[in-house]
Amino acid sequence: MKAKIVMSAAVLALSVVAVPVALAAEEGHGDNQQGMDHGPAHKLHGVVNSVNAEVGRVNITHDPVESLKWPKMKMNFKAHDAALLKDLKPGMTVDFEITKMGNEYHVTKITPAN
Ligand SMILES: [Cu+2]
């Protein structure tokens, strides 16, 4: 009986300690709870397939991306700022940068390729 009380007290003590630690760990990586997590920026090269400036989205066939181990593929991206897309046209070859924000990659820079 005594052992049972001791055991449940130990479990209780552990849970009181563990929760704040987990929350602190969660808070530690990336920005604070309010802001999005910002991963590193990756440089890409590709061809614009379609642009939807209203919703701030662009579809690009990008070349392989070494830093992400991505093969060549056709992909939708969200523009971090919809204004980035205003001069883009389907068929345009572009150099661009993406950053993971939350669980999505956002285009943070995009220019026509030389
Ligand atoms: Cu991709």
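Let me start with Phe 96, which at 3% relative accessibility counts as buried, where buried means under 20% relative accessible area, exposed over 50%, and partly exposed in between, with a 1.4 Å probe and protein chains only. Before I go on, please keep in mind that this is a predicted model, in which local features need pLDDT of at least 70 and side-chain atom pairs count only at pLDDT 80 or more, while totals for chains, interfaces and linings use all residues. Residues are numbered from 1 along each chain as its sequence is written, and side-chain values use heavy atoms, with hydrogens and water left out.

Now to the aromatic residues. A search of the whole structure finds two aromatic pairs, and here rings of Phe, Tyr and Trp (its six-membered ring) pair if their centres lie within 6.5 Å, with planes under 30 degrees apart counting as stacked, over 60 as edge-to-face and the rest as tilted. The rings of Trp 70 and Tyr 105 have their centres 5.1 Å apart and their planes at 85°, so this pair is edge-to-face. Trp 70 lies in the loop between E2 and E3 and Tyr 105 in strand E5 (residues 104-112), so the pair ties together parts that are 35 residues apart in sequence; helices (H or I, at least four residues) and strands (E, at least two) are DSSP runs, numbered from the N terminus. Trp 70 is buried, with a relative accessible area of 16%, and Tyr 105 is buried too, at 18%. Phe 77 and Phe 96 also form an edge-to-face pair, with 5.5 Å centre to centre and 70° between the planes. This pair links distant parts of the chain, since Phe 77 is in strand E3 and Phe 96 in strand E4 (residues 93-101), 19 residues apart. Phe 77 is buried, with a relative accessible area of 1%.

What coordinates the copper ion? The donors are His 62 (NE2), Met 73 (SD) and Met 75 (SD), at 2.1 to 2.6 Å, where donors are N, O and S atoms within 2.8 Å of the metal (3.2 Å for Na, K and Ca), and sites may look incomplete because water is not among the atoms. His 62 lies in strand E2 (residues 57-62) and Met 75 in strand E3 (residues 73-79), so the pair ties together parts that are 13 residues apart in sequence. His 62 counts as buried at 0% relative accessibility, and Met 75 is buried with a relative accessible area of 18%.

Turning to the strands themselves, E2 and E3 run antiparallel and are joined by six bridges, two strands being paired if DSSP finds at least two bridges between them. Asn 59 has Asn 76 in E3 as its bridge partner. E3 and E5 pair in the parallel sense over two bridges, and Lys 78 stands opposite His 106 in E5.

In the loop between E2 and E3 we also find Ser 67, which counts as partly exposed at 48% relative accessibility. The C-alpha atoms of Ser 67 and His 42 are separated by 6.8 Å, although the two residues are 25 residues apart along the chain.

Finally, a word on confidence. The mean pLDDT of the protein is 83, and 76% of its residues reach 70 or more, pLDDT being the predictor's confidence in each residue, from 0 to 100. Confidence is lowest in helix H1 (residues 2-28), at a mean of 63, and highest in E2, at 97.
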